[in-house]
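Dear colleague,

Please read the notes with the model open beside them.

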Amino acid sequence: MLVSYKWLEQYVNLNDVSAKALAEKLTRGGVEVDGVEARNLGVVKVVVGHVASKEKHPDADKLNVCKVDVGEAEHLQIVCGAPNVAAGQKVPVALVGASLPGGLAIKRAKLRGVESMGMICSAKELGLNDKLLPKEIQEGILVLPEGTPVGADAVALLGIDDEVLDLDLTPNRSDCLSMIGVAYEVAALLGREVALPDANEGVVSAGVPTSDRVRIEIEAREDCPHYAARIVEGVTIGPSPLWMQNRLMAAGVRPINNVVDITNYVMLEYGQPLHAFDADTLAGGGNRIVVRHARAGERLTTLDGQDRALEPHMLLITDGERGIALAGVMGGADSEVTPGTTRIVLESARFAGRSVRRTSRQLGLRSEASLRFEKEVNPDAVIPALNRATALLCKYAGGRATEGHAEALLDSPAPTTVPLTVARVNDLLGTSLTADDIRVLLARLGFAVAGAGDSLEVTAPLRRADMVRDVDVVEEIARLFGYDNIPTTLVRGATTPGSLTKAQRVARETRRALTGAGLHEAVTYSLTSEARRDALGGLFESPGRIRLAMPMSEERSVLRTSLLPHLLEAVVHNRNRNVEDVALFEIGNVFLTEETGAPTALPTERRTLAAVVTGARSAANWSESGRAKVDFYDLKGRLEKLTTHLGIEAVYVASAPEGFHPGRSADVYAVSADGSRAKLGRIGQIHPALQAEWELDDTYAFELDFESLVEASVLRANYEPLPRFPAASRDIAVVVDRSVPAGDLVASAREAGGAFLESVRVFDVYMGERLGADKKSVALALVYRHGERTLTDEEVTLAHDAVTQALAERHGAELRK
């Protein structure tokens, strides 16, 4: 909200408060001011002049020699090149010695041999924003109204001796979307009175009651609780007075003509949007206004010239036969005020904010009016704003108004009364205010306070719809009392050391481990397409789809059930930009639902960890060439590094998850201390068909349930003494069926090896014709050690034989010869 300091002075006495001091006061009072901008960008010594005569320059076709009366003893001779300069005009004149924006200094000069004693200025040369100027004065010199006094200070006349406060309003402070609302706020902070304009001053009566000329009907009762109108006849379309144009431009609104400018001016003054219809373009001369919802297939051409298809939820203003405006959003082109308009139907209404918001967003029409309706206008301002605009139309457009107003009033809201206790105020603020102190503070805002003793009842005016709970009122008391005046108190209560939850610690360690293993963290969209959602199935069952009501595109229309599709998209994105070696991981939420139809409950969110790798593995040193491509074991090694870092004993069981290579994939399990297993997720190569569809080389991925990973993690350091006695190492190679997992052999060896077996690992797997088509050789390295003494050969042999026997009995293993 842009607030003119000079305009604000019309309502509140600001004689001893500068614009910057006022901005500081407002900010400290809870209404943040982003900045204060001076409208005068360096204009000095510019006055109003009267062009007495104009003659062509004797030596230049595009220059004119003008005699200009600036209120001095003699006329000034000024050479001007503007094509629109003419004798009889009132214009701004920069005298010799004047300064203009940009550091331009005006001096006595000769132009093509003719002396020039100043400069006739355009609006842009005076620093005015030409985008806010009426179209007819955007080019050439600025022509002032005929009645402008010669010699007057142009700075004051054009309102550029003003400063503009830029208010950054929070959504609950819609009352400050009007000059009067800001005036109430300023008056309360300064402890002064508000002087409101007389809304009916200047009304010229046409001698006919409004109710005889127009009838209001509301069919869309839930979206329009109040609609009022008044008719103004005999108007003459022309420019609005200069002071009004100055105030509109200070507020960032471009002047158009007197009728439109008056409706905009009153909207800024009262916060109540208005609309003017050309009565002669309406059915029956505007004798009937019907507010209803649009009908199926109905269309309306709006003021911007766009033919718009309407939907049944859109609120429409009609003349009983056809639509003439989208309520609270934009008027219709057929009923627009034109230079030939003489009769006006003036509208002032309350429209439901939800209706206006939905329509304006759907049509992409956002305006100052829709902004105010969306936040709900002040019910008390509907009629005063209508009367104020009527009075201004009579005064500045020569109109005559019908007496009173016609209206349909379905709902008249009552002011909100909030119970409050003095103890509650002081407990929240840490103050020692009395009931009388509270009454005085709230009275400055126009709040009524009833009750006696400690219990009070506070009634806020309708313009303050944000007063709902007692804490809202307490905030107002704190603002007016002054945050700086609230005593400083030490925080009391038990203190606890800060710490991370287990989930936060696991997330931090996971990122540390995976980035240390050469992966980069990615953050991808939570929204995906139907096809991408189903490409790789999911780690969790989710028969239903969670679709967006208004997706920005088909590619972002449903919530994801897996992290992998978007990580693969990121791989494709990198490969398309010649980044062939990609290793990414992501920790994010997936969204699950059992409902197959329209959802009636919020989805279940599960945190998930996923990673993808493709391309070649990193070189061992700078001179290495011909790097090998990554394979299943590269990704498995990185995952094992993570599980080891988190204190998890993980095992891998061959499987064929959806979307993965059936022979190069596995389920990942965490083994607990009691030997039970809990599934963590899946790992493997992306299915060749999907790789071909996405134009990928061999790509490997894993996806884990992060919550299960957290549960299985053991985030504590285990300390063991350094071994003091030597170990005995034995290797064994056994031949087993190819279907026997190597992990099962390792588990059996650990169980059979007893207390002496320190470690066991697979160091070779061989498959060849010599072993048979369905056989493989698995080589295990076993280390035996005793913590308190050196093992004898007999003890090692007994333990090793037990391992060999267990492998043979449980898995049919034979020693490889």
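For the notes on exposure, a residue is called buried under 20% relative accessible area, exposed over 50% and partly exposed in between, with a 1.4 Å probe and protein chains only. The model is a predicted one, in which local features need pLDDT of at least 70 and side-chain atom pairs count only at pLDDT 80 or more, while totals for chains, interfaces and linings use all residues. Residues are numbered from 1 along each chain as its sequence is written, and side-chain values use heavy atoms, with hydrogens and water left out.

On the pockets, the search runs on a 1 Å grid over the protein atoms alone, and a pocket is an open set of points where a 1.4 Å probe fits, with protein on both sides within 12 Å along at least five of seven lines; lining residues have an atom within 4 Å of a point. Grid points are joined across faces, edges and corners, and a volume is the space filled by probe spheres set on the points. The largest pocket holds about 1800 Å³ of space, and among its 43 lining residues Lys636, Glu640, Tyr652, Ala742 and Gly743 lie nearest its centre. Elements are DSSP runs numbered from the N terminus, helices being H or I with at least four residues and strands E with at least two; those giving two or more residues to this lining include α17 (632-645), β33 (649-654) and α20 (742-753). By class, with Ala, Val, Leu, Ile, Met, Phe, Trp, Tyr, Cys and Pro as nonpolar, Asp, Glu, Lys and Arg as charged, and the others, Gly among them, as polar, the lining of the largest pocket has 23 nonpolar, ten polar and ten charged residues.

The second largest pocket has about 1200 Å³ of space, and of the 43 residues that line it, Ile256, Val260, Asn264, His275 and Leu303 are the closest to its centre. Helix α7 (258-270) is one of the elements that give two or more residues to this lining, and its five residues are the largest share.

Helix α6 (residues 242-250) is mostly covered, with eight of its nine residues buried. These buried residues pack against elements that include α7 and α10 (382-396), and just after α6, Gly252 takes a positive phi of about 85°.

Glu376, in the loop between α9 and α10, has a positive phi of about 70° and is partly exposed at 44% relative accessible area. Asn578, in the loop between α16 (564-575) and β31 (582-592), has a positive phi of about 65° and is exposed at 68%.

Finally, taking a salt bridge as a side-chain nitrogen of Lys or Arg within 4 Å of a carboxyl oxygen of Asp or Glu, a search of the whole structure finds 45 of them. In helix α14 (residues 502-516), Arg512 and Glu509 sit three residues apart, about one turn of the helix, and form a salt bridge with their closest N and O atoms 3.2 Å apart; Arg512 is partly exposed at 49%, whereas Glu509 is buried at 18%. Arg556, by contrast, is buried yet has no salt bridge, and the nearest side chain of opposite charge, Glu569, is 4.3 Å away.

With best regards

Terms used: Contact means heavy atoms within 4.5 Å. Lys and Arg count as positive and Asp and Glu as negative; His and the chain ends are not counted.
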